[in-house]
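Welcome! Take a moment to look over the sequence and turn the model around before reading on.

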Amino acid sequence: MIRFLSCIACALVVSTTGFSKSPVPTELKPWDKGALEFETGMLWKVGGDTTFNYRIIPFIVSWRTPEWFGFHFRNGSALIVRQKFSAMANFIETGSENRYLGFSGGGVIEWWNPSATWSVFGSGGGGVGWIDSQDAPGGQGQDFTLNWYTQLGVSHTLTDKWSVNASAMFQHMSNGGQTNPNPGLDALGVLIGVRRSF
């Protein structure tokens, strides 16, 4: 009888130590997931050799990878780095050309508050693109262009999947000296965006 009760006691201990329990799922933070992002706004010419007064409406779709590496602090805040890949379709409202299609890649550094409800981010990168050059004096010298950008903004989390952001963006576009003259374009403006995490 003692042996029988001992077996029952052992079975109860084993069953309460986790062998039959499912693990409690860990709550994923925004940086633990990839995110698809859409941004638009307005960019104005602030420099470059072009004589045209450019005004650009960008449409940018980006993929932010999950955290690449980072620092997680005791109070719950985090400083993390992700990668970002973007496709952009720019409508040139004023200027020599009409449209620009480009691709870029770069990095994003994000600081998140302890409750992971908002962040401050900065990003930068570069890539290539195609513009409908018009052979106009002061306009872009050829269709193939190089681009690079920097961006600084804030993001606010609405739900576990959706967030919104606002940012300032600087974008440079030129052909890297492949034509002479090479009228590069520097543009600065503001963007608003929405992001969905997966």
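Which residues are linked in a network of salt bridges? What you see is a predicted model, in which local features need pLDDT of at least 70 and side-chain atom pairs count only at pLDDT 80 or more, while totals for chains, interfaces and linings use all residues. Residues are numbered from 1 along each chain as its sequence is written, and side-chain values use heavy atoms, with hydrogens and water left out.

Let us begin with the overall layout. Helices (H or I, at least four residues) and strands (E, at least two) are DSSP runs, numbered from the N terminus. Of the 198 residues, 39% are buried; buried means under 20% relative accessible area, exposed means over 50%, and partly exposed lies in between, with a 1.4 Å probe and protein chains only. Now consider contacts, meaning heavy atoms within 4.5 Å. Among those between residues at least 6 apart in sequence, 62% join residues at least 24 apart.

Back to the opening question. The network of salt bridges links Glu-37, Glu-39, Arg-64, Arg-82, Lys-84, Glu-110 and Arg-195. A salt bridge here is a side-chain nitrogen of Lys or Arg within 4 Å of a carboxyl oxygen of Asp or Glu. Side chains of opposite charge can pair when their charged atoms come close. The whole structure holds eight salt bridges.

One of them joins Arg-195 and Glu-37, at 3.0 Å from N to O. Arg-195 sits in strand E9 (residues 185-197) and Glu-37 in strand E1 (residues 35-48), so this pair ties together parts that are 158 residues apart in sequence. Both Arg-195 and Glu-37 are buried.

Because Glu-110 belongs to strand E5 (residues 99-112) and Arg-82 to strand E4, the pair ties together parts 28 residues apart in sequence. Glu-110 is buried, with a relative accessible area of 0%, and Arg-82 also counts as buried, at 1%.

Arg-55 and Glu-93 form a salt bridge too, with their closest N and O atoms 2.6 Å apart. Arg-55 is in strand E2 (residues 55-64) and Glu-93 in strand E4 (residues 78-94), so parts 38 residues apart in sequence are tied together. Here Arg-55 is partly exposed at 31% relative accessibility, and Glu-93 is partly exposed at 36%.

Strand E4 also carries Asn-90, which is buried, with a relative accessible area of 3%. The side chains of Asn-90 and Gln-171 are joined by a polar contact of 3.4 Å. A polar contact is a pair of N or O atoms within 3.5 Å; within protein, one must be able to donate a hydrogen and the other to accept it, and residues adjacent in sequence count only if both atoms are side-chain atoms. Leaving aside neighbours within four places in sequence, the contacts of Asn-90 include Ile-56, Pro-58, Phe-59 and Tyr-100.

Finally, where does Val-164 lie? Val-164 is found in strand E8, and Val-164 is partly exposed, with a relative accessible area of 33%.
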